[in-house]
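Work through the exercises below with the structure in view. Try each task before reading its solution.

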Amino acid sequence: MNHEMNKETYPFVMRPLPYEYDALLPVIDEETLHFHHDKHYKTYVDNLNNTLADYPGLQQMSLKELLIGLEQLPAAAQKPIRNNGGGVFNHELYFDAMKSPVGQEPVGTLAEAINRDFGSYKQWQEKMKQAAMGQFGSGWAWLVTDCAGKLSIVQTANQEVPDLAIYTPLFLVDVWEHAYYLQYQNRRADYVDGWFGLINWRKAQKRYEERC
Ligand code: MN
């Protein structure tokens, strides 16, 4: 997610996929991506805009500002913005943080931070998989950094986000069933295993360098 994106305000506009619909094969197929991006993600964008249409005072706020300041928003706006604003934020990062599954490993200072904070890439991967598998029901597993560059793995339920006042998300894996069920049915572990190969480490490194 770049800086321009963080400045966007109402009305929020759908972002196209940054790759073709068949780019993530064989891990994620075209049908899944069409449903996920063109239907599920679109619904969150539409519902966020529908909510904000009723609150002119919130229309100059970026998505990040809305999510950080959720508790200060009008009471009736909080739940729809948590659900739909979070849905937009989470899906934009999810899609943007993936790439074709052709060999790429953690690079640069992020690779060093993974070794420092988790012991090794392999140990990080085990913990990340546990977070993705251990999220009961719908939600997400994230790799985030604080402003000092310390990495953490975070789980969130539904469309909730980590504390964006503290953390810069680097990437996340969607473990709602709509992310994998057409292809994998109940085999979440197979989807998560494949997802590791989709991580765009160059973009993650860029986010890591631009944190806070
Ligand atoms: Mn999703």
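**Exercise 1: the metal site**

Along the sequence, the donor residues of the manganese ion follow the spacing H-x54-H-x82-D-x3-H. This is a predicted model, in which local features need pLDDT of at least 70, side-chain atom pairs count only at pLDDT 80 or more, and totals for chains, interfaces and linings use all residues. Residues are numbered from 1 along each chain as its sequence is written, and side-chain values use heavy atoms, with hydrogens and water left out.

Task: find which residues coordinate the manganese ion, and with which atoms.

Solution. Step one: list the donors (N, O and S atoms within 2.8 Å of the metal, or 3.2 Å for Na, K and Ca; water is not among the atoms, so sites may look incomplete). They are His36 (NE2), His91 (NE2), Asp174 (OD) and His178 (NE2), at 2.0 to 2.2 Å. Histidine 36 is in helix 2 (residues 30-53) and histidine 91 is in helix 4, so the pair ties together parts 55 residues apart in sequence. Helices here are DSSP runs of H or I with at least four residues, strands are runs of E with at least two, and both are numbered from the N terminus. Step three: check burial. Histidine 36 and histidine 91 are both buried (under 20% relative accessible area; exposed is over 50%, partly exposed in between; 1.4 Å probe, protein chains only).

**Exercise 2: the sheet**

Task: work out in what order the strands of the open sheet stand.

Solution. Step one: read the order. The 3 strands run 2-1-3, with antiparallel pairing. Strand 2 and strand 3 are at the edges with a single partner each, so one side of each lacks a neighbour in the sheet. The twist averages 25 degrees from one strand to the next. Step two: look at the bridges; strands pair if DSSP finds at least two between them. Strand 1 and strand 2 share 7 bridges, while 6 bridges join strand 1 to strand 3. Step three: follow alanine 141. Its bridge partner in strand 2 is glutamine 155, and in strand 3 it is valine 173. Tryptophan 140 has aspartate 174 as its bridge partner in strand 3. Of its residues, 7 of the 7 are buried, so strand 1 is largely enclosed by the rest of the structure. Gly139, Ala141, Leu143 and Thr145 lie on one side, and Trp140, Trp142 and Val144 on the other.

**Exercise 3: helix 9**

Task: decide which residues of helix 9 are buried, and what covers them.

Solution. Step one: in helix 9 (residues 201-209), the buried residues are Trp201, Ala204, Gln205, Arg207 and Tyr208. They span an arc of only 160 degrees around the axis, which puts them on the same side of helix 9; the arc is that of the directions from the helix axis to the C-beta atoms. Step two: the cover includes helix 4 (75-96), helix 5 (108-118), helix 6 (121-134), strand 1 (139-145), strand 2 (151-157) and strand 3 (168-174).

**Exercise 4: leucine 17**

Task: locate leucine 17 and say whether it is buried or exposed.

Solution. Step one: leucine 17 is in the loop between helix 1 (3-7) and helix 2. Step two: its relative accessibility is 12%, so leucine 17 counts as buried. Step three: leucine 17 touches Leu33, His37 and Phe95, leaving aside residues up to four places away in sequence. Contact means heavy atoms within 4.5 Å.

Conventions. Axes are lines fitted to C-alpha atoms, for helices over the stretch in contact, and angles run from 0 to 180 degrees between N-to-C directions.
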